[in-house]
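Thanks for coming. Please have the sequence and the structure open while I talk.

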Amino acid sequence: MNVDEPVLLHTEGHVRHIVLNRPRALNALTHTMVLGIEEALIEAAADESVTAVLIRGAGDRGLCAGGDIRSIYEDVRAGRRASVGFWRDEYRLNARIARFPKPYVALMDGIVMGGGVGVSAHGDVRIVTERSRVAMPETGIGFVPDVGGTHLLASAPGELGVHLALTGRAVGAADAILCGLADHFVPAHALAELVRDLSRSTGAAEVADTVRRHATEAPGGELAEQRAWIDDCYAADTVEEIVERLLQSGVAAAEETAAALLAVSPTALKVTLAAVRRARRLGGLEEVLDQEFRVSCRAFAGPDLVEGVRARIIDKDRSPRWSPADLDDVTAADVARHFEPLGDEELGLASR
């Protein structure tokens with residue numbers, strides 16, 4: 001095993017381990033890593049001696065902070081389209097994880113954002129710790145939740161998914177479980193013992209029993225107590241109405257949320273709201289990934305993604321100049337364009 005590889009693979013007992021190995025970059029995903037994970041899953045599915053796969057991140061800061069968005073910025077600036085190819089393979093990987101025929105165990109310890117959610121939350125055994133911070137923060141860079149994120153958030157109770165999609169806020173263990181982004185809480189100090197015990201598991205039933213033995217109740221979250229104002233405000237038909245309800249709610253947290261939304265890309269907000277609500281109607285993950293690919297390609301061609309990355313990652317001035325700059329200037333036609341078919345470039349997962 002070459003310890004310098006971005007994805008490390010090894011087997012312990014009957015469990016195939018996939019370790020994302022870019023700790024200095026919070027294990028941010030590259031195209032090479034996506035292809036490496038896919039190859040590992042294909043091999044593990046065919047290997048009768050492997051009864052489960054476990055994915056985790058190198059280092060102690062997190063599983064994965066998402067895709068390498070600096071490379072997206074450089075791609076746009078150079079007039080290339082490598083990012084589109086990356087998304088195509090990444091979304092195919094997300095679908096493969098969801099339908100993987102053996103237990104897929106994700107240790108969602110520490111930072112798990114964007115693409116990190118994509119390689120973990122579609123698995124069937126998703127473990128969070130007291131250090132977990134789970135988020136789909138795309139609107140903050142002028143983008144829209146992808147990697148099946150709109151599918152996951154569309155299934156969250158009430159309007160919690162819309163709240164998290166629009167704000168991009170990170171949640172802890174209890175709230176991740178409440179929203180359907182995770183299943184079990186295991187204290188961080190107990191993960192090593194859990195991994196050792198999983199290596200002895202000889203099938204799906206034993207994997208499930210082992211995880212249940214180690215799981216405990218997660219420390220209290222925040223969203224359950226906020227459901228009343230979240231469900232009321234985010235049930236509005238438009239982003240403008242959501243912001244208005246937040247401002248008029250009389251709840252300090254809601255008013256702070258309104259201010260945060262008004263600092264985000266207006267186009268990203270409106271497309272995200274439409275994407276989550278469309279995802280509810282589409283139902284299946286493959287159908288939603290096809291939709292997200294269309295949206296991502298349109299966003300890649302627009303001005304706000306590159307501007308958002310510039311403001312947050314490149315120049316770090318935190319002063320993005322969105323275009324359009326106001327919600328009222330983003331038309332229904334502007335939003336609808338993001339969902340138009342791509343012709344020969346369609347992802348086409350649902351048709352398979």
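Predicted model: local features only at pLDDT ≥ 70, side-chain atom pairs only at ≥ 80, totals over all residues.

Residues are numbered from 1 along each chain as its sequence is written, and side-chain values use heavy atoms, with hydrogens and water left out.

Some naming before the sheet. Helices (H or I, at least four residues) and strands (E, at least two) are DSSP runs, numbered from the N terminus. Two strands pair if DSSP finds at least two bridges between them.

The open sheet has six strands, in the order β1-β2-β3-β5-β7-β9, with mixed pairing. Which strands stand at the edges? They are β1 (7-12) and β9 (184-185); each has a single partner strand, so one side of each is left without a neighbour in the sheet. Further in the list, β3 (residues 52-57) and β5 (residues 104-108) run parallel and are joined by three bridges. I55 stands opposite A106 in β5.

Helix α1 (residues 31-46) lies across β1, β2 (15-20), β3 and β5. Its direction is at about 180° to β2. Axes here are lines fitted to C-alpha atoms, for helices over the stretch in contact, and angles run from 0 to 180 degrees between N-to-C directions.

Now the helix pair. The axes of α8 (residues 191-198) and α9 (residues 204-214) come within 10 Å and cross at roughly 160°. That makes α8 roughly antiparallel to α9, a term for angles over 145 degrees. On the α8 side, E193, L194, D197 and L198 meet V207, T210, V211, R213 and H214 in α9, where contact means heavy atoms within 4.5 Å. By type, the residues of this contact are four nonpolar, two polar and three charged.

Last, the backbone. Most residues other than glycine have a negative phi, and most peptide bonds are trans. N27, in the loop between β2 and α1, has a positive phi, near 60°. Is N27 buried or exposed? At 1% relative accessibility N27 counts as buried, which means under 20% relative accessible area. V147, in the loop between β8 (133-135) and α5 (149-154), also has a positive phi, about 45°. V147 is buried, at 0%.

The peptide bond from S323 to P324 is cis, with omega near 0°. P324 lies in the loop between α15 (304-314) and α16 (332-337).

Methods: Parallel < 35°, antiparallel > 145°, perpendicular 65-115°, else oblique. Nonpolar A, V, L, I, M, F, W, Y, C, P; charged D, E, K, R; others polar. Buried < 20%, exposed > 50% of the residue type's maximum accessible area, 1.4 Å probe, protein only.
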